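This report describes the fold of one protein chain for a reader who is new to structural work. Please keep the sequence and the structure in view while reading.

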Amino acid sequence: MSVAFRRESDDEHMEPAFEWPIPIGPNLVTPRGLRLLGEEAARIADAIANAADEEARKKLLKRQRYVHTRQSTAEVQPAPEADVVGIGSKVTFTLNGATRTLTIVGHDEADPAQGTIAFSAPLARAMMGAETGETLEYQDREDAITILAAATDPETQA
């Protein structure tokens, strides 16, 4: 029989299982971000120990590899200076006439629905290093963002 018609195993024809994507660039985190990674690693370890289904266990192991990689590459950032936007800052600003407040954090703790954005988000990148009262360019507009207040968010430092 020709090799072309032989099948070695059923695994050859399965969809490839990809790892969780690691964001490009440095893994800058707040102290809270590092703590949250540790808590998630503990939750995953417990779930792996109690997993009865092999498929669920494989998914948990994949997530565990991601979390351990993020923990080992984490660079905890110091609290930002007063009135200067940085990682861990709660920033109040105006954008297109609307006043908003956001906290700038690391990738793994960002949740826009909760008012936190990653330092690599375009809006956060535009504001990084700005001081209270400064007007910034954003999306090709010279005066798109005005920083009204910037202070260390105590929640990010816990």
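## Overall make-up

The model discussed here is predicted. Its chain has 158 residues, of which 32% count as buried. The secondary structure consists of three helices and seven strands. Read from the N terminus, these elements follow the order β-α-α-β-β-β-β-α-β-β.

Contacts may also be sorted by the distance in sequence between the partners. Among contacts in the chain with a separation of 6 or more, 57% are between residues 24 or more positions apart.

## The five-stranded sheet

Five strands form an open sheet in the order E5-E4-E3-E7-E6, and their pairing is mixed. Strand E5 (116-118) and strand E6 (135-138) stand at the edges; each has a single partner strand, so one side of each lacks a neighbour in the sheet. On average, neighbouring strands of this sheet are turned by 45° against each other, direction ignored.

E3 runs antiparallel to E7, to which seven bridges join it, and Thr92 stands opposite Ala149 in E7. With strand E4 (residues 98-105), E3 is again antiparallel, here through six bridges; Val91 stands opposite Leu102 in E4. E3 and E4 form a hairpin with two residues between them, and Asn96 in the turn has a positive phi of about 55°.

Tyr138 stands opposite Arg141 in E7.

## The nonpolar cores

The largest nonpolar core has 20 residues, and those that touch the most other members are Val85, Phe93, Ile104, Leu123, Met127, Ile145 and Ile147. Two or more residues of this core come from each of E3, E4, helix H3 (122-127), E6 and E7. E7 gives the largest share, four residues.

Leaving aside residues up to four places away in sequence, Leu123 touches Phe93, Leu95, Leu102, Ile117, Tyr138 and Ile145. Another core, of six residues, lies apart from the largest one; among its members are Leu37, Ala41, Ile44 and Val67.

## Helix H1 and its cover

Helix H1 (residues 31-50) contains 20 residues. From its first C-alpha to its last, H1 reaches 29 Å, close to the 28 Å expected at 1.5 Å a residue.

Which residues of H1 are buried? They are Arg32, Gly33, Leu37, Glu40, Ala41, Ile44 and Ile48. The cover over the buried residues of H1 includes helix H2 (54-73), E4 and E5. Leu37, Ala41 and Ile44 are also among the members of the six-residue core.

## Salt bridges

Side chains of opposite charge can pair when their charged atoms come close. How many salt bridges does a search of the whole structure find? The search finds six.

One of them joins the side chains of Arg32 and Glu109, at 3.1 Å from N to O. This pair links distant parts of the chain: Arg32 belongs to helix H1, whereas Glu109 lies in the loop between E4 and E5, 77 residues apart. Both Arg32 and Glu109 are buried. A further salt bridge brings together the side chains of Glu40 and Arg63, at 2.6 Å from N to O. Since Glu40 lies in helix H1 and Arg63 in helix H2, the pair ties together parts that are 23 residues apart in sequence. Glu40 and Arg63 are both buried.

Arg141 forms a salt bridge with Asp143, and their closest N and O atoms are 3.8 Å apart. With 38% relative accessibility, Arg141 counts as partly exposed. Finally, salt bridges that share partners join Arg32, Glu109 and Glu155 into one network.

Definitions and conventions. Residues are numbered from 1 along each chain as its sequence is written. This is a predicted model: local features need pLDDT of at least 70, side-chain atom pairs count only at pLDDT 80 or more; totals for chains, interfaces and linings use all residues. Side-chain values use heavy atoms; hydrogens and water are left out. Two strands pair if DSSP finds at least two bridges between them. Axes are lines fitted to C-alpha atoms, for helices over the stretch in contact, and angles run from 0 to 180 degrees between N-to-C directions. A nonpolar core is a set of buried Ala, Val, Leu, Ile, Met, Phe, Trp, Tyr and Cys residues joined through side-chain atoms within 4.5 Å. Buried means under 20% relative accessible area, exposed over 50%, partly exposed in between (1.4 Å probe, protein chains only). Contact means heavy atoms within 4.5 Å. The expected span of a helix is 1.5 Å times one less than its number of residues. A salt bridge is a side-chain nitrogen of Lys or Arg within 4 Å of a carboxyl oxygen of Asp or Glu.
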